[in-house]
Amino acid sequence: MRRDPPDTAPEPANEVPERVIVPQSPVAPGTEAVERISTFHSLRYPEYRLLFISGLFIFLGVQAQQIVRGWLAAELTGSNRGLGGVFFGFAIPMLLLTPFGGVAADRFPKRTVLLVSTALLVISALWVGLADAFGVLEYWMLVGASAVQASGFAIFGPARISFTSELVDRRALPNAVILSQISMNSTRIIGPAAGGALIGVAWLGTAGTYLITAALMVIAFIIIVPLPKQAKVDRSDRPSPISELRAGLRYVRGNRPVLLLIIASYAVVMFAFPYIAFLPLVATEVFDVGSAGYGIMNAASGAAAVIVSLRIARISGADSWRIQVIAGVVFGVGIVALGLAPSFPLALLALFVIGGGASAFQAMNNTLILTESEPEYHGRVQSLLMLSFSGFGLAALPLGAVADTVGLRPVFVGMGISAVISMLLYQWARRRVPRDQSKTTIS
């Protein structure tokens with residue numbers, strides 16, 4: 001049930017009084033007026049704060065793991081194909097389980113779904129940490145741990161985002177989604193830098209770093225426990241999970257704006273986001289900056305993501321369509337620049353551009369998906385959106401094989417160009433959505 005903020009909460013001086021925006025007639029996406037609220041408006045809701053803080057701990061652990069996992073994969077295989085294989089192991093469970101993660105988020109108490117998914121994230125971190133500590137870690141174990149982590153994320157992601165819509169009012173929803181994005185992107189500054197530094201600490205190394213991330217997941221689990229329990233619902237007459245999944249697919253097919261948003265995410269994420277998989281070898285083979293440089297590369301991207309997210313967090317609803325298109329193009333241009341960068345400082349500048357573009361694109365996509373769809377479908381729609389990240393894991397393996405043959409730089413340039421072309425085609429298609437299918441009321 002959606003909660004109102006406490007009556008005693010102070011109203012920021014620059015707060016815009018709550019109001020209802022109802023267009024006199026249907027308006028095409030991207031033409032609404034802009035409503036602005038305070039940057040951290042949604043943190044006034046106590047239960048949303050718990051969700052936000054738990055996300056900080058989880059994403060901090062995940063970002064540090066990404067550094068260590070990539071480093072271990074590079075050590076165990078020494079190839080782009082090996083790095084892509086770890087992402088492939090992540091992608092398969094995401095592909096198979098994410099749709100049912102969305103069904104679970106719509107069918108069961110979201111707090112329970114979050115607790116189960118966080119437990120899986122703890123298990124995946126402990127598995128690698130203990131295997132590495134005892135000197136028995138092998139490449140297949142790394143891939144297996146990625147699969148377990150993917151299973152956790154397959155149900156964590158849809159539940160977390162759809163839960164947001166129950167903890168804040170509709171006016172605060174875009175701000176809450178963007179703050180959730182900030183919680184993830186801020187950890188991209190600390191997590192990679194910390195992970196890269198901890199790898200070099202002799203008494204910690206990769207094993208100790210993984211065990212620290214497991215402890216962070218346990219803390220997140222404890223923070224989730226006090227979140228509100230959903231009232232018990234009689235499910236005796238509810239359709240089967242398969243039927244609910246089919247209903248979600250029919251809903252998306254009949255909602256043109258939502259369908260276009262999901263297609264845009266697939267096109268950009270699947271063919272451009274795999275750049276992340278190859279950053280360890282960019283650090284070691286292209287620029288020879290080691291694990292510390294790898295951490296700095298991720299931190300540069302994360303810093304831009306936080307800066308951009310803070311800038312757009314004040315926008316409530318309007319302008320999201322326009323920002324999304326611009327951000328997708330900027331993201332693609334940044335990847336092209338990374339592929340052409342002749343030096344490490346210029347590569348960091350390109351990653352700064354990439355981080356800002358990626359953050360804005362994802363935040364606007366999630367915001368628009370929630371505001372353009374009905375609450376009872378939020379979990380399933382979010383799960384379909386998350387499938388694009390399964391796609392990028394699947395694409396990482398063949399792209400890695402191509403990179404082993406022709407080099408990373410041409411592959412990066414091709415990935416960036418594909419993102420730009422995809423966003424231009426999306427903009428063309430979006431303008432042709434019938435006016436009566438644009439959902440613009442904010443209440």
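**Notebook: a first look around the chain**

I began at Leu95, which sits in helix α2 (residues 80–107). Leu95 is partly exposed, at 36% relative accessibility. My cut-offs, with a 1.4 Å probe and protein chains only, are under 20% relative accessible area for buried, over 50% for exposed, and partly exposed in between.

A note on what I am reading: this is a predicted model, in which local features need pLDDT of at least 70 and side-chain atom pairs count only at pLDDT 80 or more, while totals for chains, interfaces and linings use all residues. Residues are numbered from 1 along each chain as its sequence is written, and side-chain values use heavy atoms, leaving out hydrogens and water.

**Confidence.** I checked pLDDT, the predictor's confidence in each residue from 0 to 100. The chain averages 79, and 83% of the residues score at least 70. Over residues 5–34 the pLDDT is below 50, yet the model gives this stretch 52 contacts beyond near neighbours in sequence. A contact here means heavy atoms within 4.5 Å.

**Overview.** I found 14 helices and two strands in the chain. Of its 443 residues, 59% count as buried.

**Salt bridges.** How many salt bridges does a search of the whole structure find? It finds three, taking a side-chain nitrogen of Lys or Arg within 4 Å of a carboxyl oxygen of Asp or Glu.

- Arg380 pairs with Asp106, their closest N and O atoms being 2.8 Å apart. This pair links distant parts of the chain, helix α13 (residues 378–406) and helix α2, 274 residues apart. Arg380 is buried at 9% relative accessibility, and Asp106 is buried at 14%.
- Arg107 pairs with Glu244, with closest N and O atoms 2.9 Å apart. Arg107 is in helix α2 and Glu244 in helix α7 (residues 241–254), so parts 137 residues apart in sequence are tied together. Both residues are buried.
- Lys110 meets Glu166 at 2.8 Å, N to O. I placed Lys110 in helix α3 (residues 110–133) and Glu166 in helix α4 (residues 139–167). Both are buried as well.

**Core.** I then turned to the largest nonpolar core, which has 120 residues; Phe412 and Tyr275 are among those with the most contacts inside it. Such a core is a set of buried Ala, Val, Leu, Ile, Met, Phe, Trp, Tyr and Cys residues joined through side-chain atoms within 4.5 Å. Not counting residues up to four places away in sequence, Phe412 touches several residues, including Tyr275, Phe278 and Val282. Val282 is one of the buried residues of helix α9 (residues 279–286).

Is Asp288 buried or exposed? Asp288 is exposed, with a relative accessible area of 66%. Its place is in the loop between α9 and α10 (290–312). I also noted that Asp288 has a positive phi of about 55° although it is not a glycine.

Technical notes: Helices (H or I, at least four residues) and strands (E, at least two) are DSSP runs, numbered from the N terminus.
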